[in-house]
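This report covers a strand arrangement and a group of surface charges. The sequence and the structure are shown first.

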Amino acid sequence: MSPRWRPVWPPRWTPPEAPGSRLRDAGWHPGPPHGKLRAMTRRIIKAVAGLMLVTLLLACGAHIINSGDAELPARPPGALRVATLNVHYIDQSARDGPWSLPGWERRKRPMDAAVKAIGPDILALQESETFPATNRNGTNLTLDFLLERNPGHAAAATGDPAAFPSTQPILYRTDRLTLLDQGWFFFSDTPDVIYSPTFDGSCPAFASWAEFRAPSGQVFRVVNVHFEYRSGSNRLLSAALVRDRIAPVIAGGTPVLLMGDINALHGSRTMARLERAGLDFLPVDGATYHFIRGINLFGAIDHIARSGGIGPAGDPVVLRRRFGATWPTDHYPVVADLRMTEQSKRGPQLPCQPPSYPCRAPVTCGWRRFPSSRGCPGSSAGRPGACCGSRCSRSVPTRRSPAARSGRSTAGSRRSRSW
């Protein structure tokens, strides 16, 4: 080996902070001493632990506030018991988990127990889908099982999947209600095109509806909705479409009952848009979604709303319980008792023009409410208007399908265009 390259052992090393060091000349400076570094680390750990503790305490507080399992009261005489429940879809390709076929075998009996505990006259279901078979060949394990175990009920808002999306059926008691009509529309720019994607191009979402005759003879419409949970803009546009579709129905004199998974809290803009159609939401307290673990972190996102002509017969109830060895789904059932009021006995009514003279009481005209300072509405077509505090009094015929006029059920038929 050449003497020029003789190794030096041990290697010579110049500390970076030493005078003449290239790193020091380049602006390098030593870090904090080891004691200061340990103190800083301890402070960071304490801050993170404190933040986690505060988060845990807030979550526990939210859970306590949004919990509570009330018992269903006795059904008032003459009232209709209605309920909404998101049953969650079944994924045929999943091998395990709550949404797989084995998971469905564990969930289905608690779900049937929930339906029997409610004893509904009307039950609006969301996500009643065996994916992907329901929209291909009509296979719907959830719906088939519930109908088999509850023979006194039938399913409305269903049909051939090529012409009618059947993942949001409306179950009803055949001894109390008569199905007159049914239909659907999708939350999209082309609402009458089946399975059309939503406004931002995501998975299709829609509203199903069915029209019934009550034992007393009143006719009313049930609208079953499921709004997207991720996109706030989609929810707002969907709510606006529902508002525009049901407002003429309400103005025509047919009461509307809206139920479903709205994925919005009380006081939200989504709810406000629906209220502009003339809907009044029942005061559902506490959580209706629980992550299929009984964890209640926020308020109700499943709701029941009614228009004029339908009145509450009590406060709504949320059944926060398992109904068996496992949770039937990741949502709780929301139940309410309702009555048809005198207003719903009258025939369809004309929309009115704005009030034209002073009046002492507020005026509800169609789905529009006028302040008391502006008076009573009149009709631009020369027809009679309304008196103060009432709706327009002149009745007009409403378009119905031939099946509805004859009183026959339209289950399984193509959708109605009576919107």
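An open sheet of six strands runs in the order β7-β8-β9-β10-β12-β11, with mixed pairing. β7 and β11 (280–281) are the edge strands, each with a single partner strand, so one side of each has no neighbour in the sheet. Strands here are DSSP runs of E with at least two residues, helices are runs of H or I with at least four residues, and both are numbered from the N terminus. Two strands count as paired if DSSP finds at least two bridges between them.

The model is predicted: local features need pLDDT of at least 70, side-chain atom pairs count only at pLDDT 80 or more, and totals for chains, interfaces and linings use all residues. Residues are numbered from 1 along each chain as its sequence is written, and side-chain values use heavy atoms, leaving out hydrogens and water.

Strand β8 (residues 206–213) pairs with β7 in the antiparallel sense over eight bridges. β8 is also joined to strand β9 (residues 219–226) by seven bridges, again antiparallel. Residues that stand opposite each other in these pairings include the following.

| Residue | Partner | Strand of partner |
|---|---|---|
| Thr 178 | Arg 213 | β8 |
| Phe 185 | Ala 207 | β8 |

The hairpin of β8 and β9 has five residues between the strands, and Gly 217 in the turn has a positive phi of about 100 degrees.

Strand β7 (residues 178–186) is mostly covered, with eight of its nine residues buried. Buried means under 20% relative accessible area, exposed means over 50%, and partly exposed lies in between (1.4 Å probe, protein chains only). In β8, seven of the eight residues are buried, so the strand is largely enclosed by the rest of the structure.

On the surface, Arg 38, Arg 42, Arg 43 and Lys 46 gather in a patch of positive charge. Such a patch joins like charges within 9 Å, from residues with over 30% relative accessible area and no salt bridge; a salt bridge is a side-chain nitrogen of Lys or Arg within 4 Å of a carboxyl oxygen of Asp or Glu. Arg 43 belongs to helix α2 (residues 34–65) and is exposed, at a relative accessible area of 54%.

Technical notes: Patches are made of residues with over 30% relative accessible area and no salt bridge: like charges are joined within 9 Å, nonpolar side chains (Val, Leu, Ile, Met, Phe, Trp, Tyr) within 5 Å. Accessible areas come from the Shrake-Rupley method with a 1.4 Å probe; for residues, only the protein chains shown count as cover. Lys and Arg count as positive and Asp and Glu as negative; His and the chain ends are not counted. The place of a charge is taken as NZ of Lys, CZ of Arg, CG of Asp or CD of Glu.
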